[in-house]
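Subject: A structure for you to explore

Hello,

Here is the structure I promised to hand over, with the sequence alongside. Please open it first, and then read on for what turned up in it.

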Amino acid sequence: MRNGLDSPFFFAVGRMVKLGELLERTIPPLGYELVDWDKSVRSGLVRVFIDKLNGVDVEDCARVSNHLTHLFAVENVDYERLEVSSPGLDRPLKKSADFARFAGEEVRLTLRHSVDNARRIKGVLRGLEGDMVRLDTDAGPRAVALADIEKVRLVPRIEWRNSR
């Protein structure tokens, strides 16, 4: 084990700490949503993606990064680099609340297995009912089981304005 990033667990002062749980306990009280996180075993990089209702800016990312740097030192989390950023325009949808919050937005689903000779579906999200994601596609309404979905991302909507 080269560093603490070889598993999702870190040993901190005699106890085992899951990084995801540590982030979930830490980021919401700061006023942000933890959208996602990942780590690279090879480079020691920990990436944290945050959001808030009106979006995040550089100052938000710096604030969370500073806080996590101090927290990781206290918790003896071994890492080499930390990046904190927004989830981007093509934000992933991970939690049940995401499917309600972004209902009416265009999404792209990537399926675990091909259905009707396709692994990708694009449509307008209508929400989550039980374990089924509902959306309107060009071919009509569809319902896809959460278990069949590898990932869901928003389709970026860029509005160009004439600056005149």
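Let's begin with an open sheet of 5 strands, in the order β9-β8-β7-β6-β10, where the pairing is antiparallel. Two strands count as paired if DSSP finds at least two bridges between them. The names come from DSSP runs numbered from the N terminus: helices are H or I runs of at least four residues, and strands are E runs of at least two. At the edges stand β9 (140-145) and β10 (149-154); each has a single partner strand, so one side of each is left without a neighbour in the sheet. On average, neighbouring strands here are turned by 40° against each other, direction ignored. For such angles, axes are lines fitted to C-alpha atoms, for helices over the stretch in contact, and the angles run from 0 to 180 degrees between N-to-C directions.

Before going further, two notes on how to read this. This is a predicted model, in which local features need pLDDT of at least 70 and side-chain atom pairs count only at pLDDT 80 or more, while totals for chains, interfaces and linings use all residues. Residues are numbered from 1 along each chain as its sequence is written, and side-chain values use heavy atoms, with hydrogens and water left out.

Within that sheet, β7 (residues 118-129) pairs with β8 (residues 132-137) in the antiparallel sense over 5 bridges. If you look at V124, you will find D136 of β8 opposite. The loop between β6 (106-115) and β7 holds N117. Phi of N117 is near 60°, a positive value in a residue other than glycine. Most residues other than glycine have a negative phi. N117 is also exposed, with a relative accessible area of 79%; exposed means over 50%, buried under 20%, and partly exposed in between (1.4 Å probe, protein chains only).

An open sheet of 3 strands runs in the order β3-β4-β5, with mixed pairing. Which strands stand at its edges? They are β3 (33-39) and β5, each with a single partner strand, so one side of each is left without a neighbour in the sheet. The twist averages 15° from one strand to the next. As for the helices, α2 packs on the sheet and touches β4 and β5, its direction making about 145° with that of β5. Meanwhile, α1 lies across β3 and β4, running at about 155° to β3.

β4 and β5 run parallel and are joined by 5 bridges, with F49 standing opposite S85 in β5. From β4 the chain crosses through α2 to β5, and this β-α-β crossover is right-handed: with the strands pointing away from the viewer, the path from the first strand over the helix to the second runs clockwise.

What about the interior? The largest nonpolar core has 19 residues, and those with the most contacts inside it are I27, V48 and L68. A nonpolar core is a set of buried Ala, Val, Leu, Ile, Met, Phe, Trp, Tyr and Cys residues joined through side-chain atoms within 4.5 Å. Two or more residues each come from α1 (19-26), β4 (45-51), α2 (58-74) and β5 (81-85), and α2 gives the largest share, 5 residues. Apart from this core lies another, of 14 residues, among them F102, V107, L125 and V152. In soluble globular proteins, nonpolar side chains tend to be buried together.

Finally, how many aromatic pairs does a search of the whole structure find? It finds 1: F72 and Y79, edge-to-face, at 5.2 Å centre to centre and with 75° between the planes. Rings of Phe, Tyr and Trp (its six-membered ring) pair if their centres lie within 6.5 Å, and planes under 30 degrees apart count as stacked, over 60 as edge-to-face and the rest as tilted. F72 is buried, with a relative accessible area of 1%.

Enjoy exploring!

Note on methods
Contact means heavy atoms within 4.5 Å.
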